[in-house]
Amino acid sequence: MKDNNDEVYIDEPVVSEEIYDFGRKIEVGDIVEGKIISITKEGVYVDIGSKTDGFIPISEFGRYIKEIDKHFKNHQMIKVFVVKLDYNNTHLLSFKKAKEIEIFDLLNQKYKEQIPIDTYIISKNKNGYLVDIGIEAFMPNKEVGETLKKKISSEKIEDISFKVIIKEISGLPAKNLKIIVSNKIYEEKLKEEQRKKTLSQLKEGDEVIGEVKSITSFGAFIDINGVEALLHISNIAWYKLNHPEEILHCGDKIKVKILKIENETGKVSVGLKQLFPYPWDEVDSKYFVGKIVKCKVTNITNFGIFAELEPGVEGLIHISEVSWTDKTPDLKKMFKIGQELQAKILEINKEEEKISLSLKKVFHNPWEDIKTQFPPGSINKGKIIKITPTSILVSIKDEFYGVIHISDVSWTSKVTDLHRLYKVGQYIEYKVLEIIPEQEKAVLSIKHLKENPYEKYSVDSIVKCKIKKVLSNLIIVELEEGIEGIITKKEALLHQRDLSKELKVFYKPGQEVEAVVIFSDEKKRKIELSIRKLEKIIQKQLIKQYSQIQLPTLRDILTEE
């Protein structure tokens, strides 16, 4: 030890010295009881029963330094550790070391068994906190638990009491005692005990209160009295969520339902939507085809709009159900997410959880007006808008169009290439066959501008026709402009004996003949005629006609005479 004006170091190497005072032997390393003689700013003088008094540096008293007079009095008996013996001045003593040695066995036992110790904060530095567990110990910042952090941030540190667990203990007997404590380990241990207790009490199907601890893109973690449970985004609501934060916030207290408990891993899954009725179960009682409903746009795609009727129940407005006139509307320009609309229910499929909606059918169907203005059978003129391999699209009025199918172009000719016959922009005459407002469809025809030849020239009809061609086995005749028929060799000759002769002997192109229709098929586009059968029909008619003439009787003759 140095002069009074010098600083005192209590961690100097212990020197083995012995003295004998008043018959009492005192050695370095002893713990002895002494009486306080005086208290100064430099330290405390103690009578330890030796000729020379002992001295304890003020730094030995830690948290008591500022108010040492309140905690220590003259004549008070205290235990001290003999650090160094000095004949000339004083014996260097340690109050702190004595306490450390005295309490070491108890603390070491608590360290081994990880028993919690009550403590409070003595002081703070940048690395952590000096705490009192009977002696001074150090708690690093990283060993402060979450609950204690909150207390420290909101309360005066000197007023805070808490528990710690010894994490590390070393130093005795060779060096000064070093103790590292952790509140974090204590809190985690407490949480684990609480978690196990809560987990043992939870059952699948239970409805419990929990706190939202953290939120991720795939769900939220809920604290249920120490048990961490996962609330997956798919179990938050019956409707689709983009992110759990649309509904949940950290710190929220919510009721959830226990969906699954994995006993081996301790994992718990919970649900929020399961606390409420499944919305599709009540669809039948709330909605019906034809009902006009309010809905909110939730998603816009190239093929239509998804709209929410209520949380968990969505319907689709197909692009074709947006406008009566615009068949290819730009949906993303016309609508916005969250926009409220009125729509008409077209179809409900509860099994597949699908509802078809229409915007345009909320309003009057303008095709009803088209049906009135262009009744079936009316003949009109329109501009060709588009030509496809199988049809012609013709403008009826403004943005309303009708379709002429390739089969309705000609009665007799099989049309294979519409582009050869017609051009886009060309005006053509057509006949309205049918307007179907429900289907927004107008069926038009070119061939129906003329009478159906297969109805006009039905079987058994007697017609006059002109020979166009005479071939070896048949004759092609023209019934009228654009309508042809055939007469086979067998049906062209009146007598069986003439079959060996060529048809050219009997018939010439341009010659007009009379025949009877024996076959007429619209699908096959074929009319067959017979001169031979017509001759037989005429003969039968003559026979019938003459058979009905009554011949005079003998009486009639005599009477006339």
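Helices (H or I, at least four residues) and strands (E, at least two) are taken here as DSSP runs, numbered from the N terminus. The legends below describe a predicted model.

**View 1. The largest pocket and the residues around its centre.** The largest pocket of this predicted model holds about 600 Å³ of space. Its lining is made up of 21 residues, and those closest to the centre of the pocket are Glu-146, Thr-147, Lys-191, Lys-213 and Asp-223.

**View 2. Elements that form the lining of the largest pocket.** At least two lining residues come from each of α3 (146-154), β11 (161-170), α4 (183-201), β13 (207-216), β14 (219-224) and β15 (227-232), and among the contributors α4 supplies the largest share, with 8 residues. Sorted by residue type, the lining of the largest pocket comprises 11 charged, 6 nonpolar and 4 polar residues.

**View 3. The second largest pocket and the residues around its centre.** In the second largest pocket there is about 490 Å³ of space. A set of 18 residues lines this pocket, and Tyr-239, Lys-240, Thr-298, Glu-308 and Glu-314 are the ones that lie nearest its centre.

**View 4. Elements that form the lining of the second largest pocket.** Two or more residues of this lining are given by each of β18 (292-300), β19 (304-310) and β20 (313-318), with β18 giving the most, namely 4 residues. By residue type, the lining of the second largest pocket divides into 8 nonpolar, 6 charged and 4 polar residues.

Terms used:
Residues are numbered from 1 along each chain as its sequence is written. This is a predicted model: local features need pLDDT of at least 70, side-chain atom pairs count only at pLDDT 80 or more; totals for chains, interfaces and linings use all residues. Side-chain values use heavy atoms; hydrogens and water are left out. On a 1 Å grid over the protein atoms alone, a cavity is a set of points where a 1.4 Å probe fits but cannot get out, and a pocket is an open set with protein on both sides within 12 Å along at least five of seven lines; lining residues have an atom within 4 Å of a point. Grid points are joined across faces, edges and corners, and a volume is the space filled by probe spheres set on the points. Ala, Val, Leu, Ile, Met, Phe, Trp, Tyr, Cys and Pro count as nonpolar, Asp, Glu, Lys and Arg as charged, and the others, Gly among them, as polar.
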